[in-house]
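Work through the two exercises below with the sequence and the model open, trying each task before reading its solution.

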Amino acid sequence: MEPYQHVIVGSGLIGGLLGGIIGQSARVSFIGRPIWLGRLAEGITLTDYAGNEAQFRANAAECLEDLPAKIERSVIWLTVKNTALAEMLMRLQPLVAPDCVVVCCQNGLGAAALTRKYLPGIRVLQGIVGCNVVWDESLMQLQKTTEGEFYLEQPEDLAPQLMKVLSVVQHKLLMLSWRQDIEAVAWAKLQLNMANSINAIVNQPVRTMLLDRGCRQVIAALMDELLAVTAARNIRLPMLTRVPARYLPTVLRLPDWLFKRLASAMLHIEPTARSSMWWDLQAGRVTEIDYLNGAVSEQGALSGVTCPINKSVTDLVKSLETSALVAVRPPLDGNTLKFQLHLE
Ligand SMILES: NC(=O)c1ccc[n+]([C@@H]2O[C@H](COP(=O)([O-])OP(=O)(O)OC[C@H]3O[C@@H](n4cnc5c(N)ncnc54)[C@H](OP(=O)(O)O)[C@@H]3O)[C@@H](O)[C@H]2O)c1
């Protein structure tokens, strides 16, 4: 039988990382924008904060701007953002053969369900990237800047042969963790993503934001609401960081001096780093807010849990998305944000 092909659909930061890792041991092709296809064909280095490195150069003939007429016997690693997913699925619908497997790699909630709706009869798995990835143009490096594994859904009926094919993403740069509790992992990752929107709103580097107790208190309040929703739905959150999920809000609320001492690992970040949502706002792009804080308040409403802070933060980000002055807005401090959100 023909071996599976690997196709990255939406090669950007996550597609580049997964594709670069897959390319260490298997053939991989890329669908994406010219800028990313050029980088991949020229050759990039994958790095992590621990000093691991791998080189990767894509075959230029396998870097395509458009989808092929048919995709057969392939693992499709779907790495567009949530905001581009429906359009991409509409285009994939007529050309994906039933023997393909699709791995959805989006943050937040809802991507795998949406994909199953568009591609009925196709095996769809959810993958969750637990780390942060940035691009350094001057070094041509895709840098994994935080710890975090690649969590991949393991349904009970997943054939061992297919597991072997999918294990191509296992690498020293990105550990693969098979999960039967992928919904819980998605919620746990979403809890960590609660800081993204606040970073976008306050318009400060992530490190500066974390050193501002007011900002941390807002993030903790967002997490409290998320934890109330998962508790109402009897979802047990797995531990994705050194601190168990339910204690994270407490750690964030600590006074600055104690936070700096106990949570120093959280502050080991590049002083200029910003969240991807901040970058999206600055570039005038629609953000993934609906799939992050928006999804928390939506799922809360379905479970009888009100999430007013997540709702207000969603509305705030949406108003920034349509503001002509977004790129020139001044930074905001945590206490001002607390006041705006009526948080004491
Ligand atoms: N980056 C991280 O650290 C990280 C970590 C964990 C999870 N995630 C999640 O992973 C997902 C992907 O994020 P990312 O950071 O990799 O995004 P990204 O860098 O923007 O990559 C997605 C790429 O897909 C392209 N694309 C969109 N529609 C396309 C189309 N129709 N045809 C061809 N290319 C298309 C985008 O181009 P345009 O920009 O032109 O649309 C972009 O280059 C998101 O859900 C994100 O939340 C990201």
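**Exercise 1: the ligand**

A backbone N or O atom of Leu13 lies 3.0 Å from an oxygen atom of the ligand, a polar contact, that is, a pair of N or O atoms within 3.5 Å. The model is predicted, so local features need pLDDT of at least 70 and side-chain atom pairs pLDDT 80 or more, while totals for chains, interfaces and linings use all residues. Residues are numbered from 1 along each chain as its sequence is written, and side-chain values use heavy atoms, with hydrogens and water left out.

Task: Find which polar side-chain atom lies 3.0 Å from an oxygen atom of the ligand, and describe the shell.

Solution: Begin with the backbone, where an N or O atom of Ile14 lies 2.8 Å from a ligand oxygen. Next, turn to the side chains, where a polar atom of Asn107 lies 3.0 Å from an oxygen atom of the ligand. Finally, sort the shell (residues with a heavy atom within 4 Å), which divides into 10 nonpolar, 9 polar and 5 charged residues, and note that α3 supplies its largest share, 4 residues.

**Exercise 2: the sheet**

Task: Work out in which order the 4 strands form the open sheet, and which strands stand at the edges.

Solution: First, read the order as β4-β3-β10-β9, with mixed pairing, where strands pair if DSSP finds at least two bridges between them. Then look at the edges: β4 (53–56) and β9 (133–136) each have a single partner strand, so one side of each is left without a neighbour in the sheet. Lastly, inspect β3 (residues 44–48) and β10 (residues 141–144), which run parallel and are joined by 4 bridges, with Thr47 opposite Gln143 in β10.

How values were computed
Polar contact = N/O pair within 3.5 Å; in protein donor to acceptor, adjacent residues only side chain to side chain. Helix = DSSP H or I, 4+ residues; strand = E, 2+ residues; numbered from the N terminus. Nonpolar A, V, L, I, M, F, W, Y, C, P; charged D, E, K, R; others polar.
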